Amino acid sequence: MSCWIQDFRKFVKAQGYQFPVANRLLFDQLIEGFALDGLTGQVSSREFLWMRDGEIKASYMRFSIDVHVYTAPTEALAEKAKWDRYLRSWSMDAKRTARPAFHTSSLWVRAEAQSELVPSTIATVVIVLVLAFLGMLAFTRNACLSLFVVIATLAVFGCLAFFMVVVMSWAVGPIEVIALIVFLGYAVTYSLHIAHRYGSDDAVKQGQGQGQGDMDMLEPSEIRFQRTMFALSSIGGAALGSAATTVGSSVFLLACTLTIFQKLGGVVFAVTVLSIVFALVPLPAVLLWFGPVNPRSGCCPMAAMAADPNVWKDVSERAERTTERVSRSFSQFQDRVSRSSATLELRSGGMTGLTPSEDAISISID
């Protein structure tokens with residue numbers, strides 16, 4: 001503990017005066033001399049005093065507590081709560097001129113900042129993804145394509161966090177969180193361009209020369225393949241070139257001396273590589289399997305199917321054929337039951353000694 005009052009007590013007694021000093025003028029003279037010549041610990045006592053016009057206005061004391069400087073935020077905040085309770089109790093008994101007192105520490109600042117990092121980061125990520133979804137929806141008017149872009153962005157975000165925390169073993173701090181949030185928007189761009197070109201009206205007019213009139217003759221898988229190939233051929237090269245230039249620029253940051261520039265360079269390098277890989281490999285694969293056949297007709301493939309009258313006509317025809325098959329099967333079942341009943345009547349007549357005649361058989365069958 002660095003307490004200037006104890007050192008001031010020694011200073012006053014060394015001057016031949018009684019402590020505490022009752023005379024105000026004498027106190028001001030002694031405290032001014034103590035501030036100039038006194039030591040508290042290894043530093044000048046003036047560092048602990050706030051003086052104006054020769055009068056002391058405020059002061060502070062330094063305490064060393066048994067808590068590690070890099071302790072977990074929960075433990076640090078629990079220790080801060082103890083000091084809060086102590087100062088509230090002390091202020092209730094202190095004189096009016098001695099309050100209010102407050103405590104501060106760089107440990108409290110770091111713990112509060114880290115405790116707010118996770119919820120604030122999650123909130124920011126959600127806002128960015130929602131805005132990306134709405135922006136993509138405005139351009140493509142298709143919820144499925146927008147959802148695919150958001151999923152690809154989330155995958156990039158997860159891989160980037162894994163790179164920072166696990167691969168590079170960086171402690172999660174303000175710099176890392178800012179890097180994650182800032183470059184999350186950059187991670188959307190490549191996937192957004194691919195999905196936007198997939199939903200373009202020009203996509204169905206390319207390939208083997210089919211026009212819009214030939215589109216109905218193609219299978220859904222052929223349409224998805226045509227749209228995906230158009231997206232990759234029209235924007236894939238430009239996206240790859242953009243990623244290459246960005247990666248090349250980030251390499252120079254890796255050689256910097258300051259840690260902050262090294263980390264930013266590493267994050268730019270990683271997010272660019274991850275974004276272009278997810279935009280050119282997993283996203284086209286998903287579009288080949290689950291991409292909307294006609295993005296402009298609805299928000300998703302199910303909506304497009306529901307709006308297509310041919311689909312409902314086919315469903316109706318299948319339902320009629322199923323009904324006919326069920327009806328025929330039921331008629332055959334009734335015939336078998338009737339023939340079994342006739343056989344039982346004949347056997348019953350034989351067991352009682354009756355000779356069944358043709359009339360009896362006909363009555364039994366009816």
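**Tour of the aromatic pairs and annotated segments**

The model holds ten aromatic pairs, where rings of Phe, Tyr and Trp (its six-membered ring) pair if their centres lie within 6.5 Å. Select Y186 and Y190. Their ring centres are 5.8 Å apart and their planes meet at 75°, so this pair is edge-to-face (planes over 60 degrees apart; under 30 counts as stacked, the rest as tilted).

This is a predicted model: local features need pLDDT of at least 70, side-chain atom pairs count only at pLDDT 80 or more, and totals for chains, interfaces and linings use all residues. Residues are numbered from 1 along each chain as its sequence is written, and side-chain values use heavy atoms, with hydrogens and water left out.

Stay on the pair and show helix α6, residues 174-198 (a helix is a DSSP run of H or I, at least four residues, numbered from the N terminus). Y186 and Y190 both sit in this helix, four residues apart, about one turn. Is Y190 buried or exposed? Y190 is buried, at 4% relative accessible area, whereas Y186 is partly exposed at 23% (buried is under 20%, exposed over 50%, partly exposed in between, with a 1.4 Å probe and protein chains only).

Next, select W4, F8, F11, F19, F27 and F34. Together they form one aromatic cluster.

Finally, colour the segments that the unreviewed UniProt entry annotates as "transmembrane region", including 177-195 and 230-261; such annotations may be inferred rather than shown by experiment. Residues 177-195 are 100% helix, with end C-alpha atoms 28 Å apart. Residues 230-261 are 88% helix and 0% strand, with end C-alpha atoms 39 Å apart.

Notes. Helices (H or I, at least four residues) and strands (E, at least two) are DSSP runs, numbered from the N terminus.
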